[in-house]
Amino acid sequence: MKAISQSSAEFREGKAGQLVVFALDEQRYALRLSAVEQIVRVVEITSLPKAPEIILGVINIHGRIVPVYNIRARFRLPVREFSLSDHLIVACTAKRAVALVADRVEGVVARTDEEVTEIQDISPSLEYIEGVVKLEDGLVFIHDLGTFLSVEEEARLAEALTPAQESP
């Protein structure tokens, strides 16, 4: 996948956005680049007692405890073993940094807001997806990390993280 160029004036004026495109099986998803902190190779994930099932565990990134979301389970994709070629996308939500396991990260593309179809225009019942963008080689779902966890899951995660964050 090649990045699509946009003029720097469009970016300064806020008319375009950059998306990090990643894949789970053969389906592609994206996160807004502004939410992505870093992308690293998969590392050992430590289980987190009392965390909701949707949390694979936690990782340590530069002394920070970061929960790892199981997006394969959320999107009802088959379970598969991690591979050394997998990546962790570390992104920020309004509450905390989180990590997502991706089969592969394909790159960064730029699209104007007009090129993104909001999910409400397609199906208001689709959860966790902010919108859809058409690329030359297919559709990409833009993931909404802010809606990934339910209120109950968020509360359980916060409770489970408290002891982990207090550990030396």
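**Close-up views of a predicted model**

View 1. Asn 70 sits in the loop between β5 and α2 (71-74). Is Asn 70 buried or exposed? Its relative accessibility is 17%, and because buried means under 20%, Asn 70 counts as buried. Looking past residues up to four places away in sequence, Asn 70 touches Ile 54, Leu 56 and Phe 148.

**View 2. The largest nonpolar core.** Here we meet a core of 30 residues, in which Phe 22, Leu 31, Tyr 69, Ile 71 and Phe 75 have the most contacts. Two or more residues come from each of β1 (16-24), β2 (27-32), β4, β6 (87-92), β7 (97-102), β10 (129-135) and α3 (151-166). Another core lies apart from this one; it has 11 residues, including Ile 45, Leu 88, Val 90 and Val 101. As background, nonpolar side chains in soluble globular proteins tend to be buried together.

**View 3. The surroundings of Ile 71.** Which residues are in contact with Ile 71, once neighbours within four places in sequence are left aside? They are Phe 22, Leu 24, Leu 100, Val 101, His 143 and Phe 148.

**View 4. β11 between two pairings.** Strand β11 (residues 138-143) pairs with β2 in the parallel sense over two bridges, and here Tyr 29 stands opposite Phe 141. With β10, β11 runs antiparallel, and six bridges join the two. On that side, Gly 131 stands opposite Ile 142 of β11. A hairpin of two residues links β10 to β11.

**View 5. Confidence along the chain.** The protein chain has an average pLDDT of 83, and 85% of the residues score at least 70. Where does pLDDT stay under 50? This is the case over residues 1-16, for which the model has 30 contacts beyond four places in sequence.

Notes
Residues numbered from 1 in each chain as written. Predicted model: local features only at pLDDT ≥ 70, side-chain atom pairs only at ≥ 80, totals over all residues. Heavy atoms only, no water. pLDDT = per-residue confidence, 0-100. Contact = heavy atoms within 4.5 Å. Helix = DSSP H or I, 4+ residues; strand = E, 2+ residues; numbered from the N terminus. Buried < 20%, exposed > 50% of the residue type's maximum accessible area, 1.4 Å probe, protein only. Core = buried A, V, L, I, M, F, W, Y, C linked by side-chain atoms within 4.5 Å. Pairing = 2+ DSSP bridges.
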